[in-house]
Amino acid sequence: MLTEKSPIHVNSEIGRLKTVILHRPGKEIENLTPDTMGPLLFDDIPYLLLAQKEHDNFADTLRKKVLKFCILKSWLFKLWKQMNRLKLFLLIK
């Protein structure tokens, strides 16, 4: 757990991060097998609920430190909706 004595540093090679995009673990974790773990840098097959809990804790920590925070799934959905609106607009014109 992070404390004020061991704060998280949200930096990149060029400075403090202003935006972070995260993907919350989902059912894709259940597709991991002993054969695919190594190349994907997993030591063990993760338990989905625990992975989601750890992700949520990490995301909460980042929310306190980063100016803008995006969850990949909702961000992609918004992008998809905008693209569909644009296609409709172009078809109508």
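Tutor: Let's start with a term: helices (H or I, at least four residues) and strands (E, at least two) are DSSP runs, numbered from the N terminus. This is a predicted model, in which local features need pLDDT of at least 70, side-chain atom pairs count only at pLDDT 80 or more, and totals for chains, interfaces and linings use all residues. Residues are numbered from 1 along each chain as its sequence is written, and side-chain values use heavy atoms, with hydrogens and water left out.

Student: Which pattern does the protein follow along the sequence?

Tutor: The pattern reads β-β-β-α-α-β-α, made from 3 helices and 4 strands.

Student: Why is Gln52 called buried?

Tutor: Buried means under 20% relative accessible area, exposed over 50%, and partly exposed in between (1.4 Å probe, protein chains only). Gln52 has 13% relative accessibility, so Gln52 counts as buried.

Student: And why does Leu50 count as partly exposed?

Tutor: Leu50 has a relative accessibility of 44%, so the label is partly exposed. Leu50 sits in helix α2, which spans residues 48–65, and Gln52 is placed in helix α2 too.

Student: What does Gln52 touch, not counting residues up to four places away in sequence?

Tutor: Arg24, Pro25 and Gly26; contact means heavy atoms within 4.5 Å.

Student: How far is the backbone oxygen of Pro25 from a polar atom of the Gln52 side chain?

Tutor: The two atoms are 2.9 Å apart. A polar contact is a pair of N or O atoms within 3.5 Å; within protein, one must be able to donate a hydrogen and the other to accept it, and residues adjacent in sequence count only if both atoms are side-chain atoms.
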